[in-house]
Amino acid sequence: MAYEIDGNTIEADEEGYITDLSVWTPELAGLIAKDENIEMDDERWEVVNFLRDYYEEYQIAPAVRVLIKAVKKTMGKEKGNNKYLYTLFPYGPAKQACKIAGLPKPTGCV
Amino acid sequence: MVELAIDNKISRTSVEDPLAPPCMTPGAMAGSKPYMAAPEHNIKLGFPGELPDDWKEKAIARMGYLAETNRAFKVYLDTCMKCGACTDKCHYYMGSGDPKNMPVARQDLLRGVYRRYFTFAGKYFPKLVGAVDLTKEVLDDWYSYYHQCSECRRCAVFCPIGIDTAEITMAARDILDHVGIGQKYSNEIIGKVMDVGNNLGLNPKALKATMADLEEDIEDETGVAVRIPVDEKGADILLITPSADFFAEPHIDGLIGYAKVFHEAGVSWTVSSYASEAANFGMFIGSEENMAVLCKRIQKAAIELGVKRIIFGECGHAWRVAYNFLNTLGGPFDFLDQDYPIPQHILEFTWGELQKGTLNIDKSRNDEYRLTYHDSCNVARASRMGDEPGGQFEIPRNVLKAVTNNYFEMPEGTTKEQTLCCGGGGGLLTDDLMDIRKKGASPRMHALKQVEEDHGVTHMVAICAICKTQFAKMMPEFGFERDSILSVHQLVSNALIMEGQVDEDDDEDDDMDDVPAMSGAPATGGSL
């Protein structure tokens, strides 16, 4: 599949993960999110930006636990749990948030 | 062979019978197909990138090779007498009603072609014996329905002559791979293990950072400096665990449990960044060659780290491969301490420590849970634990009962050797197969509903990374909380009071200095 943005075609795999990570822009993230029926807001942006920062350092998405700790620190203790992350990204924080953040899909038994 | 004295009667309540036969719906799952692997993923594994012009000859030749070199496979194809004992035993048939998911019918997709080209009657009187020409349509049917089998072997338990459908599914996938039709999920992942060492693609730097982070968490929560060493030469034990244990929920809580048990047992251990994967998807695709490549990584890591023992974490098919094939495909392991099982399961280790009394357990710390145990299919029907027959059933239960007060069994006919697959095993744990995953999970979910109703069970426990992920996804679909699936070692971890342990005060603010802060700012653009 592919995304169309400002007359440009952005290639993605069958599941909607972009294939060239360098072409990601916030506008594209908004478009992917819309495709996933997600309205981006400040909290979702914080998660997406965290994923991108972590990926830049480690070339992989963080463990869900690491993400939860970061959410806890930024958004408060009551939101620092997997359940809250699922309210932000109903298909799962690891896969859906990674897709919006333009990162590869976490693979394996996850 | 397992006796056929099967009693499927279960105490009835208002809950739907988990083993009820479905309403038959021909063709219901004909459209179910996983994404196909890209040419580069196939080539990396030694297969053609895509369907070659002479695919038919190649497929028949591969089938002939398998029938010649794998006696069991030939016997399975030759001997089915269509008694029907297996027909209603597959969770995918129970969930979907598609008659091609009756194990015998699914087998026959391959058996018909085998008869056509490899038996006298099939060569000359094909119509009389149900022999079928190999066509592209048949190949497509194989791709669809052999990815609606999780190789769980439940049907094989009920077959009076012991035909193992899993072997036939593996052979079918192997033949498909040999004509360039690979499954994206499995083949991409096997390639990733070859490149990075695990299914996730977790590189050594990220692995070390994640483990260091976990060590800090444990110390914050307990006041005890429990280590999770990575690549530590000279350690006694090499832990081989599914990479999901490094990444996913609830898996990672099980990893914390292993670390605490090792700590209290006073043994030195390490994980390896080179062999940072227990899961061996080579088995899913029926490829002995690829299975061997992944097994050999474990041997290499063990030699380089100079360990004396190898212990496997909670992972179903990893244990099936390790228990049956690690020595033959990954060995020899003559450099390890021969006084310990090679390999050993973490449950065997923990049960040993519990029996020795080295672990200080307070069961009441798990009193918030009312638990049942899901026997993971690969552990239950394709391996063993300990020295006694049935150890693979009893040891996990013994450990659970040693660390919790509220344990209940699911209905007879759904546990131990007759356990139901989670619905996501055998290379099916991929988003593009969500429909069949849900249908396959439904018998187990109904069995769970039964103990929820009868005994107030709140959580189910498993010892397989795939089961844990599959159930975390499926629980909400069947009216349970997502987090009602747990690791055995998470419960061990909860109940274990380590020497010097001081429980973190819940009201106290967490020490979060180590956590990278989120920017909070709107995104400014791509920088990758």
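Predicted model: local features only at pLDDT ≥ 70, side-chain atom pairs only at ≥ 80, totals over all residues.

Me: At roughly what angle do the axes of α15 and α17 of chain B cross?
Reply: Roughly 45°. The axes come within 9 Å. Helix α15 of chain B covers residues 346-356, and helix α17 of chain B covers residues 391-403.

Me: Is that crossing of α15(B) and α17(B) left-handed or right-handed?
Reply: The crossing is left-handed.

Me: Which residues of α15(B) and α17(B) meet?
Reply: From α15(B), B:Leu347, B:Glu348, B:Thr350, B:Trp351 and B:Leu354. They meet B:Ile395, B:Pro396, B:Asn398, B:Val399 and B:Ala402 in α17(B). The residues of this contact split into 7 nonpolar, 2 polar and 1 charged.

Me: New topic. How many residues are in the largest nonpolar core?
Reply: The largest nonpolar core has 184 residues. Those with the most contacts inside it include A:Leu51, A:Ala97, B:Phe247 and B:Phe471.

Me: What does A:Leu51 touch?
Reply: Leaving out residues up to four places away in sequence, A:Leu51 touches A:Ala61, A:Ala97, A:Cys98, A:Ala101 and A:Leu103.

Me: Last one. Where does B:Asp213 lie?
Reply: In helix α11 of chain B, residues 204-222.

Me: And why does B:Asp213 count as partly exposed?
Reply: Because B:Asp213 has 17 C-beta neighbours inside 10 Å. Buried would take 20 or more, and exposed 12 or fewer.

Me: How far is the C-alpha atom of B:Asp213 from that of B:Ile228?
Reply: They are separated by 9.7 Å. Along the chain, B:Asp213 and B:Ile228 are 15 residues apart.

Note on methods
Residues numbered from 1 in each chain as written. Chains lettered and ligands numbered in written order. Core = buried A, V, L, I, M, F, W, Y, C linked by C-beta atoms within 7 Å. Contact = placed C-beta atoms within 7 Å. Axes fitted to C-alpha atoms, helices over the stretch in contact; angles between N-to-C directions. Helix = DSSP H or I, 4+ residues; strand = E, 2+ residues; numbered from the N terminus. Left-handed = near helix turned anticlockwise from the far one by under 90°. Nonpolar A, V, L, I, M, F, W, Y, C, P; charged D, E, K, R; others polar.
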